[in-house]
Amino acid sequence: MTKKPTGEEFTYTFYSEITKPQLEGYKKLQERMNCAAKMFDGYLRQDLSFEPDSSGDGFHSTARVSFTSLELCLAWLDSPERRKILNEA
């Protein structure tokens, strides 16, 4: 269930280092996470960005997931659904 922002949203940020061969799998993983997160109360959005690393052999990834409150974000982060996706990865 998606809710409109109330001005009190909470955003959790993940930073990852990804090699070029891992990139497509990582994007698919993030898409699965986003689809699952959309089913949680308070979900607002996920933003994903990639920057080439200094070696040119990989990427720095930033993933931000936003919810209407800290409590609802923590419920997603600690959810069995999220853990299942991470364990499969």
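**View 1. Glu-9 and Arg-45 join up in a salt bridge, with 2.4 Å from N to O.** We're looking at a predicted model, so local features need pLDDT of at least 70 and side-chain atom pairs count only at pLDDT 80 or more, while totals for chains, interfaces and linings use all residues. Residues are numbered from 1 along each chain as its sequence is written, and side-chain values use heavy atoms, with hydrogens and water left out. A salt bridge here is a side-chain nitrogen of Lys or Arg within 4 Å of a carboxyl oxygen of Asp or Glu. Glu-9 sits in the segment before strand 1 and Arg-45 in strand 2 (residues 43-52), so this pair ties together parts 36 residues apart in sequence. Helices (H or I, at least four residues) and strands (E, at least two) are DSSP runs, numbered from the N terminus. Glu-9 is partly exposed at 30% relative accessible area, and Arg-45 is also partly exposed, at 30%.

**View 2. Lys-27 pairs with Glu-24 in a salt bridge.** Their closest N and O atoms are 4.0 Å apart. Both belong to helix 1, three residues apart, which puts about one helical turn between Lys-27 and Glu-24. Lys-27 comes out partly exposed at 34%, and so does Glu-24 at 48%.

**View 3. Asp-78 meets Arg-83 in another salt bridge.** Here the closest N and O atoms are 3.4 Å apart. Asp-78 counts as exposed, at 52% relative accessibility, whereas Arg-83 is partly exposed at 40%. The total count of salt bridges is six.

**View 4. The largest pocket has a volume of about 180 Å³.** On a 1 Å grid over the protein atoms alone, a pocket is an open set of points where a 1.4 Å probe fits, with protein on both sides within 12 Å along at least five of seven lines; lining residues have an atom within 4 Å of a point. Points are joined across faces, edges and corners, and the volume is the space filled by probe spheres set on them. Of the 15 lining residues, Phe-14, Gln-30, Met-33, Ala-63 and Arg-82 are closest to the centre. Strand 1 (10-19), helix 1 (23-37), strand 3 (58-67) and helix 3 (80-88) each give two or more residues to the lining. Helix 1 supplies the largest share, six residues.

Terms used:
Buried means under 20% relative accessible area, exposed over 50%, partly exposed in between (1.4 Å probe, protein chains only).
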